[in-house]
Amino acid sequence: MMMEERRIAAFGGTFDPVHTGHAEIVHTIVQNFGLDQLLIVPAHRPPHKDPRGIADAYHRYTMAALATLEEPRVIVSTIELEAPDHPYTFETIERLRSTVGAGTRLFFVMGADSFQEINTWREPARLLSSTDVIVVTRPGHDVKSSHLDDRFKCTVVDLRESEAELKMSEGANDHHIYLTGYVNTSVSSTEIRQKVRDGESIEGLVPPRVADYINKYELYRC
Ligand code: ATP
């Protein structure tokens, strides 16, 4: 009898703060990919972003946990926050791979903006050849695969095309890049931080508990 594989996804980012776009992404990806677990992985200090002005890790962790309290399959991971060496994404994926064990399919979730910039990440080929990738549409950002190395172009499955199927790779070393169109939310963390600084409402841009947390702990005011 064939053992059914477990499916776990990691969703990396700064989450400064987590917003309704992130919340919608995790909800729909868990459903559509039949995931057993989705790990939100806040970065210790994002290597590709200016680290100045990023809220403390424990605030970002707490907000992500509050935003997903009602999502039983979504867990906030400390794998990057606790890593002394501030790992790059490919290293985090390799660490996760060694902890989840054989029989688990590992996915990495990213927005269209991140996907378009993937060649600027550390060791993109190593990342793309060690995990399946789920790309999520984001308003203002095209989802194309023309920037990919030829060996990865042929692994793209565009689930936005009606005839495309969510076929899973057969072998453990055979990975796909899934382009999805399940969500189209234009919210960003930058916009939220700016609104708080300007004293404007962030209602609807973050889950209510996150709005209360930002207010109580006076985040992003200056
Ligand atoms: P910032 O405005 O600070 O750059 P952000 O809103 O892009 O933040 P991140 O925490 O950097 O949020 O995002 C984590 C991941 O989620 C990235 O892969 C990003 O592309 C994706 N993402 C964030 N917001 C959206 C959105 N509205 N739609 C689709 N993907 C998103």
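Trainee: How many salt bridges does the structure hold?

Mentor: This predicted model holds 13 salt bridges. Let's go through a few of them together.

Trainee: What makes the pair Glu-5 and Arg-105 a salt bridge?

Mentor: The N to O distance between their side chains is 3.3 Å. The cut-off is a side-chain nitrogen of Lys or Arg within 4 Å of a carboxyl oxygen of Asp or Glu, so the pair qualifies.

Trainee: Why is it said that this pair ties together parts of the chain?

Mentor: Glu-5 lies in the segment before strand E1 (6-13), while Arg-105 belongs to strand E4 (residues 104-111), so the bridge links parts that are 100 residues apart in sequence.

Trainee: What about Asp-149 and Arg-151: what distance puts them in a salt bridge?

Mentor: The distance there is 3.4 Å, N to O, between the two side chains. Asp-149 has a relative accessible area of 42%, which makes Asp-149 partly exposed.

Trainee: Which residues do salt bridges with shared partners join into one network?

Mentor: Glu-5, Arg-7, Arg-105 and Asp-132 are joined into one network in that way.

Trainee: Let's turn to helices. Why are H2 and H8 called roughly antiparallel?

Mentor: Helix H2 (residues 57-67) packs against helix H8 (residues 208-216) at an angle of about 150°, and their axes are 8 Å apart. Angles over 145 degrees count as roughly antiparallel, so H2 and H8 get that label. As for handedness, the crossing of H2 and H8 is right-handed.

Trainee: Which residues make the contact between H2 and H8?

Mentor: H2 supplies Tyr-58, His-59, Thr-62, Met-63, Leu-66 and Ala-67, and H8 supplies Arg-209, Val-210, Tyr-213 and Ile-214. Sorted by class, the contact has 7 nonpolar, 2 polar and 1 charged residues.

Trainee: Where is Asp-36 placed?

Mentor: Asp-36 sits in the loop between helix H1 (20-32) and strand E2 (37-42).

Trainee: Why does Asp-36 count as partly exposed?

Mentor: The relative accessibility of Asp-36 is 30%. Buried would need under 20% and exposed over 50%, so Asp-36 is partly exposed.

Trainee: Which residues is Asp-36 in contact with, leaving aside neighbours within four places in sequence?

Mentor: Asp-36 is in contact with Glu-5, Arg-6, Arg-7 and Arg-73.

Trainee: Now the backbone. Is the peptide bond from Asp-16 to Pro-17 cis or trans?

Mentor: That bond is cis, with omega near 5°. Most peptide bonds are trans. Pro-17 lies in the loop between E1 and H1.

Trainee: What is the phi of Phe-15?

Mentor: Phe-15 has a positive phi of about 55°, although Phe-15 is not a glycine. Most residues other than glycine have a negative phi. Phe-15 also lies in the loop between E1 and H1, and with a relative accessible area of 3% Phe-15 is buried.

Trainee: What is the phi of His-86, and where is His-86 found?

Mentor: The phi of His-86 is near 45°, a positive value in a residue other than glycine. His-86 is found in the loop between strand E3 (74-76) and helix H3 (89-100). The relative accessible area of His-86 is 25%, so His-86 is partly exposed.

Definitions and conventions
Residues are numbered from 1 along each chain as its sequence is written. This is a predicted model: local features need pLDDT of at least 70, side-chain atom pairs count only at pLDDT 80 or more; totals for chains, interfaces and linings use all residues. Side-chain values use heavy atoms; hydrogens and water are left out. Helices (H or I, at least four residues) and strands (E, at least two) are DSSP runs, numbered from the N terminus. Buried means under 20% relative accessible area, exposed over 50%, partly exposed in between (1.4 Å probe, protein chains only). Axes are lines fitted to C-alpha atoms, for helices over the stretch in contact, and angles run from 0 to 180 degrees between N-to-C directions. Angles under 35 degrees count as roughly parallel, over 145 as roughly antiparallel, 65 to 115 as roughly perpendicular and the rest as oblique. A crossing is left-handed if the near helix is turned anticlockwise from the far one by less than a right angle, and right-handed if clockwise. Contact means heavy atoms within 4.5 Å. Ala, Val, Leu, Ile, Met, Phe, Trp, Tyr, Cys and Pro count as nonpolar, Asp, Glu, Lys and Arg as charged, and the others, Gly among them, as polar.
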